[in-house]
Amino acid sequence: KSTRWLFAALLCLLLIVAGAAFVLGAPVPFSDLWSADAGRQSTAQLIFLVNRAPRIVAGLLVGASLAVAGAALQGIFHNPLAEPYLLGISAGGALGATVAAALRLPNFVLAGQSFDAGAALAFLGALGAAFVVYQLGQSGQSEYSPAPGAGSGRLLLTGIALCAFLTALMALVISLSGRIELAEQSTFCLLQISDVTVAVTR
């Protein structure tokens, strides 16, 4: 029963925060969405419906996806401390995105759909890092599932070492490319939701 109350409280808190982010801090009042003035209504629609609403939804979906990914990693690696940064998975994704940006790789078409090369290499880099950490963390184990204690410690140490190695490689790629702005791009490109918008039709 206490778990239900906690879930309900967290859900209410989430709705309150999302509502506050949607309404507060805008240069125009929320009531302008129903204004008789076409200019004021158009401005309010641009701010609240075109810009704010989709970005809030995108932020909620990204946060939920990260939570699910973290829970999945903890279940797969049998370690409550497992998370993308500690295991080097985020560093692998950042390295892939940095390589794509340094080489200025164009988008590619697969099955009639256009895909961003940076996102594709970031996904492959993160997947490869997860595979390497899991395989190295299992080395020397008598069973497939890591045993508590030494196995968990080996897994975490492997992730930390791989994270440092991939971060060093990313710094090397940035240095060799001669484009220092790649450091900022590789850090924030996957966290940016400011380009999320929707079209409002009348």
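A residue is called buried under 20% relative accessible area, exposed over 50%, and partly exposed in between, using a 1.4 Å probe and protein chains only. By that scale Arg40 counts as partly exposed because its relative accessibility is 42%. The model is a predicted one, in which local features need pLDDT of at least 70, side-chain atom pairs count only at pLDDT 80 or more, and totals for chains, interfaces and linings use all residues. Residues are numbered from 1 along each chain as its sequence is written, and side-chain values use heavy atoms, with hydrogens and water left out.

**Overall make-up**

- The protein has 6 helices and 2 strands; helices are DSSP runs of H or I with at least four residues, strands are runs of E with at least two, and both are numbered from the N terminus.
- Read from the N terminus, the order of elements is α-α-α-β-β-α-α-α.
- Of the 202 residues in the protein, 28% are buried.
- The protein exposes about 13000 Å², and 71% of that comes from carbon and sulfur atoms; accessible areas come from the Shrake-Rupley method with a 1.4 Å probe, and for residues only the protein chains shown count as cover.
- Contact means heavy atoms within 4.5 Å. Among contacts between residues at least 6 apart in sequence, 61% join residues at least 24 apart.

- After H1 comes Gly25, with a positive phi near 80 degrees.
- Phe7, Leu11, Leu14, Leu15 and Leu60 make a nonpolar surface patch of about 490 Å².
- Patches are made of residues with over 30% relative accessible area and no salt bridge; like charges are joined within 9 Å, and nonpolar side chains (Val, Leu, Ile, Met, Phe, Trp, Tyr) within 5 Å.
- H1 gives the most to the nonpolar patch, with 4 residues.
- Leu14 is found in helix H1 and is partly exposed, because its relative accessible area is 41%.

**Aromatic pairs**

- Rings of Phe, Tyr and Trp (its six-membered ring) pair if their centres lie within 6.5 Å; planes under 30 degrees apart count as stacked, over 60 as edge-to-face, and the rest as tilted.
- By this rule there are 4 aromatic pairs. Phe22 and Phe30 form one that is edge-to-face, at 5.6 Å centre to centre with 70 degrees between the planes.
- Phe22 is buried, because its relative accessibility is 17%, whereas Phe30 at 28% is partly exposed.
- Phe22, Phe30, Trp34 and Phe48 are linked into a cluster by ring pairs.

- Side chains of opposite charge can pair when their charged atoms come close. Here a salt bridge is a side-chain nitrogen of Lys or Arg within 4 Å of a carboxyl oxygen of Asp or Glu.
- The count by this rule is 1 salt bridge. Asp32 forms a salt bridge with Arg40, with the closest N and O atoms 3.1 Å apart.
- Asp32 sits in the loop between H1 and helix H2 (38–77), and it is buried because its relative accessible area is 5%.
- Apart from its neighbours within four places in sequence, Asp32 is in contact with Arg40, Gln41 and Ala44.

**Two loop arginines**

- Arg104 lies in the loop between helix H3 (89–103) and strand E1 (108–110).
- Although Arg104 is not a glycine, its phi is positive, about 55 degrees. Arg104 counts as exposed, because its relative accessibility is 60%.
- Arg179 lies in the loop between helix H5 (150–177) and helix H6 (181–188). With 14% relative accessibility, Arg179 counts as buried.
- Arg179 and Ala102 are 77 residues apart in sequence, yet 7.7 Å apart in space, C-alpha to C-alpha.
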